[in-house]
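Please keep the sequence and the structure in view while reading.

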Amino acid sequence: MASELSFVRDKMLPPSAPPVREAGAVKWLRENLFSGPFNTTLTILGIVVIYMIISASLPWWLNSVWNAGSLAECRDIVIASAGEGATGACWAMIRERWHQFIFGFYPPDQYWRPVLAFGLLVAALAPVLFAGQKKNMSIILGVVAVFLVVTLGLAGAPVGAWIATLGLLGGMLALAQVQPGKLLWFTALFPALCFWLLWGGSVWVPIVALMGFAVMGVAYTALVARLGPTGSALIAVFLALLWWLFIDVPLTQVIDGMMPWGLVSVDSDQFGGFLLAITIGVTAITFSLPIGILLALGRQSDMLIVKTLCVGFIEFIRGVPLITLLFTASLLLQYFLPPNTNFDIILRVIILVTLFAAAYLAEVIRGGLAALPSGQYEAADALGLDYWRAQRLIILPQALKISIPSIVSTFIGLFKDTTLVAFVGLMDPLKGVTQIVRADINWKGIYWEPYIFVGAIFFVICFGMSRYSMHLERKLKTDHR
Amino acid sequence: MSDAAIDRSKMQISDEVAIQIAGMNKWYGTFHVLRDINMTVQRGERIVICGPSGSGKSTLIRCINRLEEHQQGQIIVDGTELTNDLKNIDKVRSEVGMVFQHFNLFPHLTILENCTLAPIWVRKVPKKEAEETAMHFLRKVKIPEQANKYPGQLSGGQQQRVAIARSLCMKPRIMLFDEPTSALDPEMIKEVLDTMIELAEEGMTMLCVTHEMGFAQAVANRVIFMDQGQIVEQNEPKEFFNNPKSDRTKLFLSQILGH
């Protein structure tokens, strides 16, 4: 017995190659496709289904027609080339009407403005999305520059705008090499610039409105030493509100009277298609995140009134369908405002969509906050960090990181929900524009093509967001689990 | 850990009062966790607090930097009384370092950033200077080479030493240890205790909740035994371990030293 218990290895074994069945493609196939009778059946069934879908739809795709004046013409071409009874896609409709899907009824001679706004949007997002990644930032700025040079040329932009754009992007590209952090200033100013490019009008409107923020900043820095952050922030916001309510409009008129510089005004009714969807989507995404964070923090607050207000707001908004809120925006809001106030419909919709998304985000972020161990709060407290610093430096970076997948899901949902503005008479790409196209006698009866086209663009944008969030998750992964 | 290896030359206790607790009571809801706590800690004292679990020892030291609120009595730390005044609380917290059982390092920041964060944002130390200080303390806890790693890449013992360095970067006058070694593997306990001994040798005022009786015997100048939210017995370590007075203490010591 004793001899069986005692064992000493006198020679160590060298590693050897695994058996053929356990390596390479054979292993992969066996494990993933044919790992048992049930899975083998599923694999074969799956292949059959894929074959049936492809064989049914492939001719339709292959017989696509790109050059035709009407749906009837399309059909004739398909029959002539593929024989009686053949079907084919009629992309000629997209070729003729693509600009409506993109711009709605935006005046065609002004197309360069939304194009420029879109290009600069990407440029403004680059420093936020790729903070600290000089190479990615430069690539994006370069691509935007090339895109704008070509598209602005095609859209017939004024030479001045063309040169100014090139100068701006060149400058940003140079700055990205030296001090990429400074590019955030462009991001901060971009909303005003974008507003002016899209709606036009006097250049002084956005500039004077921005001065309200300058008032806020100056007031805050002047007061913070004496009153502390909370008090001075309140006074600064109050002063800025005074500026916007009482000084903004008269001052704009005075300056505009002296220097009437501006672009042709474009009315909100003329917006449509993806221009509308992206305007609403991007603005709502940008503003819903900070509001959602504040709501989430408010919901966790010890202060009863703050907490009650936040909970009430979140539960109310989440309990009501978005369409109800949109109807409120388009109809009811008018009753509560003073008569003859012209409160832009797109702005109203943006505000409601923002609040809607913010309520959802608040709950998503609350989940992230709840997932943090209480030790993190205690360690921050024990080091003497005050509430806002602890939140900003310790708690939120971790809570937001945990919630990235859900936050991006909310954003994607929000972006797709922008098509619901069709219900208040705005021309969204899915229902609004498609209906207009199908009302045309030439394209009456066209069904799949516009939806596939719009769906493809939505997919590209949403898939892009999804991939970006995965990239961000990988980048921020520091826990090494 | 023999007494011979420890340098007691700087471990002097001054007359200056570091912490004064008088008639302090605390309740969790209706549960009376801390009952009539009275204690005075002189500067330079090294106090070990022990007792069975649930005896309120962690709660006691967490009251000293106001992670827990007390409802009755007085706590004065470094001449500042802890009340609801946030300014006083922040002042006390920046003077008192704390090391937790589960380290509580910030996992999204590197070791160096963990150490420089509070000095930069609370003490307003310039970044460069804060980094130099951090490296100084990281060298002291013997892990300067880990400065640019993340907490998740370090072993438990290393993480706890980083946590000690992080506290030291705030140049605290008092250090609180809340069971600093009870989440560690036996092999790693020693490296953390060695760091704490070194700190004691430099004259730091320390309050330490721990079950490491060897550490208590070697370093502490006073051992406090708590049970059911009250201080049952306190004495200098030799007397405490060799000649415990209360029956409760005897029972506790026989249970933790008996095997």
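A residue is called buried when its relative accessible area is under 20%, exposed when it is over 50%, and partly exposed in between, with a 1.4 Å probe and protein chains only. The model is predicted, so local features need pLDDT of at least 70 and side-chain atom pairs count only at pLDDT 80 or more, while totals for chains, interfaces and linings use all residues. Residues are numbered from 1 along each chain as its sequence is written, chains are lettered from A and ligands numbered from 1 in the order in which they are written, and side-chain values use heavy atoms, without hydrogens and water.

Over all chains, the structure holds 1 disulfide, a term for a pair of cysteine sulfur atoms within 2.5 Å. The partners are C74(A) and C90(A), whose sulfur atoms are 1.9 Å apart. The torsion about their S-S bond is about 70°, so the disulfide of C74(A) and C90(A) is right-handed.

| Cysteine | Relative accessibility | Class |
|---|---|---|
| C74(A) | 2% | buried |
| C90(A) | 2% | buried |
| C50(B) | 0% | buried |
| C115(B) | 0% | buried |

C115(B) is in no disulfide, and the nearest cysteine sulfur, that of C169(B), lies 4.5 Å away.

What is the relative accessibility of I247(A)? The value is 39%, and I247(A) therefore counts as partly exposed.
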